[in-house]
Amino acid sequence: MASISLTKVIEKWKWENLTPEIDISKIKITQPDINRPALQLAGYFEHFEATRLQVVGFVEYSYMNGLDEEKQLEVYEKLLNNPIPGIVFCRELHPNELFRETAIKYGVPLLMSNKATSACMAEIIRWLNVQLAPCISIHGVLIDVYGEGVLITGESGIGKSEAALELIKRGHRLVTDDVVELRRVSADTLIGTAPNITKHFIELRGIGIIDVKALFGVSSVRETQNIDLVIHLEDWDKEKEYDRLGMEEEYIEYLGNKVVCHNIPIRPGRNLAIICESAAINHRQKKMGYNAAQELYQRVQKSLAQRREEEE
């Protein structure tokens, strides 16, 4: 099961640790969902997801402070005697000393954010969805071409990195070369990132490793990108029939998500960078409702119908 350390989450969102007495180095978050413990503070603990990160807003905070001390102790004991990875107080709200003492007793870290509750929850869920998403590593190159995430795949040495370098020189942005980490964020979205070790590097046979960020500047790279299109490079086979119209889309599947895939035959004289650019723009046009292959088909059908009318 994927997990992320609470320490990394705190560093990412710059939360203040209100319980430094608790050792948080081994605490892990395993779920991208979070919970507001309003019902639990009222005494309802059925279906309580205690392993989620808990977020306390102004409503929960006001309710807790409105209870008498005996009731507070009862509620706090029931709530905090659970394997909660952490409780975040939004809007710079501070829990009372009784809550803090009970949290320390059961080893539940208390954290504080200066953000509004809804904004804090939305940001945490979005970020955790990416961090905890199912992940695989594949061999390929990921480029942002006109805002479309183009994943270039193919056998080693076929020219993926060279095509990527030409695209970078033409103003497009590198996400990763050689190894692409794919994360399934949702049923419709795959996100690609680079391993930390190879981030911003490209390997060119005969030259070696080059640092794209250092050579072309920060505008030539980006951290993550959705996978919108796959271009698979393969050696030209004159015996094989290649799609020349594109009437029907071909797909490839990663982590259960289907992505449009074009198989591009490679032979001397073909400019891979221009082909990738054209494929990205064409894919974007299709998403906006225009399909060139369908337009050609309709023109042919209209021309044939006119001929039949003239012959009659």
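**Ground rules**

I am working with a predicted model, in which local features need pLDDT of at least 70, side-chain atom pairs count only at pLDDT 80 or more, and totals for chains, interfaces and linings use all residues. I number residues from 1 along each chain as its sequence is written, and for side-chain values I use heavy atoms, with hydrogens and water left out.

**Entry: salt bridges**

I took a salt bridge to be a side-chain nitrogen of Lys or Arg within 4 Å of a carboxyl oxygen of Asp or Glu, and by this rule I count 18 salt bridges.

I looked up Arg100 and found a salt bridge with Glu21, where the closest N and O atoms are 3.2 Å apart. This pair links distant parts of the chain, 79 residues apart, since Arg100 sits in helix 5 (residues 97-106) and Glu21 in the loop between strand 2 (16-17) and strand 3 (28-29). For these elements I follow DSSP runs numbered from the N terminus, with helices being H or I of at least four residues and strands being E of at least two.

Arg100 also meets the side chain of Glu97 in a salt bridge, at 3.6 Å from N to O. Glu97 and Arg100 are separated by about one helical turn, because they lie three residues apart in helix 5. Through shared partners, salt bridges join Glu21, Glu97 and Arg100 into one network.

For exposure I call a residue buried under 20% relative accessible area, exposed over 50% and partly exposed in between (1.4 Å probe, protein chains only). Glu21 is partly exposed at 48%, and Glu97 is partly exposed at 44%.

I then turned to Lys105, which forms a salt bridge with Glu77, the closest N and O atoms being 3.1 Å apart. Lys105 lies in helix 5 and Glu77 in helix 4 (residues 69-80), so this pair ties together parts that are 28 residues apart in sequence. Lys105 is exposed at 55% relative accessible area, whereas Glu77 is partly exposed at 23%.

I noted an open sheet of four strands in the order 8-12-13-16, with antiparallel pairing; two strands pair if DSSP finds at least two bridges between them. Strand 8 (135-139) and strand 16 (224-226) stand at the edges with a single partner strand each, so one side of each is left without a neighbour in the sheet.

Looking at one pairing, I found strand 8 joined to strand 12 (residues 179-184) by five bridges, the two running antiparallel. The bridge partner of Cys135 in strand 12 is Arg183.
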